[in-house]
Amino acid sequence: MAGGGSPNARELDQTPTWAVSSVVAVIIVISILLEKILHRFGEYFQKGNKKALYEALEKVKAELMVMGFISLILTFTQKSISNVCIPIQLADTMLPCPPVHSSSTQHGEELKPEDENNGSHRRLLWNHHRMLAAGAVKGCKEGHVPLISLHGLHQLHIFIFFLAVFHVIYGAITMLLGRLKIRGWKEWEREIMAQEADNGPARFRLTHETSFVRDHTRSWTKNACLFCLGCFIRHFVRSVRRADYLTLRHGFITVHLAPGTKFDFQKYIKRSLEDDFKVVVGISPLLWASVVMFLLLNVHGWQSMFWVSVMPLIVTLSVGTKLQAIITQMAVEITERHAVVEGIPLVEVSDRHFWFSWPRMILYLIHFTLFQNAFELTYFFWIWYEFGLRSCFNDNFTLLIIRVILGVAVQFMCSYITLPLYALVTQMGSTMKKTIFDEHTNKALKKWHMNALKKKTDGKPATQTLGGSPGGSLDNSPSHANYQPGTKSDYELANMEADAF
């Protein structure tokens with residue numbers, strides 16, 4: 001019996017060639033189909049000028065390749081790993097399930113088949129000790145067992161496969177829910193652009209009469225505890241209202257663009273979400289370290305799975321409350337600065353509204369939350385597939401159901417509410433993102449900036465225009481038709497726009 005298999009199992013040299021070739025052919029066909037599907041998605045993103053989504057797809061491919069290398073290295077070194085022997089006393093420390101010793105398993109004998117009917121818990125232990133004993137027969141002396149049995153390494157292979165599959169699934173769900181939420185803002189964008197096209201005079205109003213200020217400056221905003229509680233509740237009940245969207249849109253265009261510029265803010269938010277999605281789908285070394293740390297601390301009785309499921313919920317609620325607090329704080333500041341406003345009130349755009357004046361920190365917290373939540377759900381499905389739903393890993397079935405419900409709820413809430421809200425509120429930072437420009441404008445700006453730097457290096461006046469033609473104007477460039485650069489020189493404006501990259 002090699003590798004802890006069945007007594008009737010045969011090696012590859014005793015396996016029919018038709019069986020080997022059939023299995024290999026099926027695996028190759030499935031792999032090619034998956035590669036073609038990903039390639040088609042890449043072509044679709046490129047044709048639609050969705051550069052951010054294409055880069056996100058490439059990052060997913062890179063992560064899948066890393067997992068493939070992990071699986072390949074694990075396969076190549078599995079015999080060497082299983083030949084590493086440790087004392088039984090050391091092997092019985094920090095177990096994910098309660099230790100169960102049997103004289104039959106310690107001497108390499110198999111339990112009787114009828115013992116499998118005593119429950120899933122005993123079946124799991126019977127299978128585990130059978131494989132452990134089989135791996136210890138050849139290389140380990142008495143009183144020692146393999147560091148990890150061959151069957152245990154095979155189970156790790158399946159775990160890596162689950163990580164790869166669910167990483168793609170969770171990434172797709174996150175993006176679909178986020179885009180679905182932002183698509184609902186399209187009607188508001190059409191309404192405000194239609195009103196701007198009428199060029200009607202904006203009427204003067206008291207600040208407390210505007211919808212944005214009236215919705216956010218209630219009596220509870222004066223008390224710190226009630227302020228946090230109110231923002232916490234708003235995160236669940238219509239996190240982005242029409243007045244919020246129109247006011248933030250007005251503030252962004254007024255500060256970063258010229259007042260009155262016709263700008264599709266909803267499409268810009270969608271591009272920003274796609275750009276942030278590149279970060280969300282990545283698995284950084286820090287996240288890989290968190291996986292290793294979880295596997296280390298997943299000890300029976302420590303309830304580490306409970307903390308893994310609760311931590312994403314706490315972070316999501318904290319981030320959502322903070323984003324709502326930023327909107328509310330901007331409304332309060334309007335009442336402190338002005339008594340009367342013309343048209344839509346103007347919010348103050350600044351990084352100081354965010355934690356440590358670092359808006360991108362919230363994106364990293366969302367990234368960590370989505371990864372931890374996806375990992376917790378992946379681990380649940382792997383345990384279910386490999387050991388059974390009622391295995392010793394899930395000794396508290398009620399707590400298991402609660403964890404799964406929390407995981408699904410956090411996945412939906414973070415993808416559909418928190419991430420789109422971040423994509424909107426983060427535009428209230430001091431700097432604008434490079435997604436302010438479309439693909440053609442990005443290329444024109446980069447070319448213009450390089451020409452301006454070259455002109456300055458040569459000691460010649462920088463008269464190159466944005467479109468790349470001497471003596472032209474900004475309006476003739478492939479940039480946004482109504483972008484107003486002001487009165488800055490070409491070189492200063494080139495540097496200013498280059499900072500967006």
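Okay, let's start with confidence: the mean pLDDT of this protein is 75, and 74% of its residues come in at 70 or more. That score, pLDDT, is the predictor's confidence in each residue, from 0 to 100.

A bit of housekeeping. This is a predicted model, where local features need pLDDT of at least 70 and side-chain atom pairs count only at pLDDT 80 or more, while totals for chains, interfaces and linings use all residues. Residues are numbered from 1 along each chain as its sequence is written, and side-chain values use heavy atoms, with hydrogens and water left out.

Now, helices. These are DSSP runs of H or I, at least four residues, numbered from the N terminus. Take α16, residues 397-425.

On to salt bridges: a side-chain nitrogen of Lys or Arg within 4 Å of a carboxyl oxygen of Asp or Glu. How many does the structure hold? Nine. I'll also say how accessible the partners are: buried is under 20% relative accessible area, exposed is over 50%, and partly exposed is in between, with a 1.4 Å probe and protein chains only.

One of them joins R40 and E43, at 3.4 Å, N to O. Both sit in helix α1, residues 17-47, three residues apart, about one turn. R40 is exposed at 59%, and E43 is partly exposed at 27%.

In helix α8, residues 186-198, R190 and E187 are also three residues apart, so about one helical turn separates them. Their side chains meet at 3.9 Å, N to O. R190 is exposed at 51%, and E187 is partly exposed at 43%.

Then there's E189 with R249, at 3.0 Å, N to O. E189 is in α8 and R249 is in α11, residues 242-256, so this pair ties together parts 60 residues apart in sequence. Both E189 and R249 are buried.

Notes
Helices (H or I, at least four residues) and strands (E, at least two) are DSSP runs, numbered from the N terminus. The expected span of a helix is 1.5 Å times one less than its number of residues.
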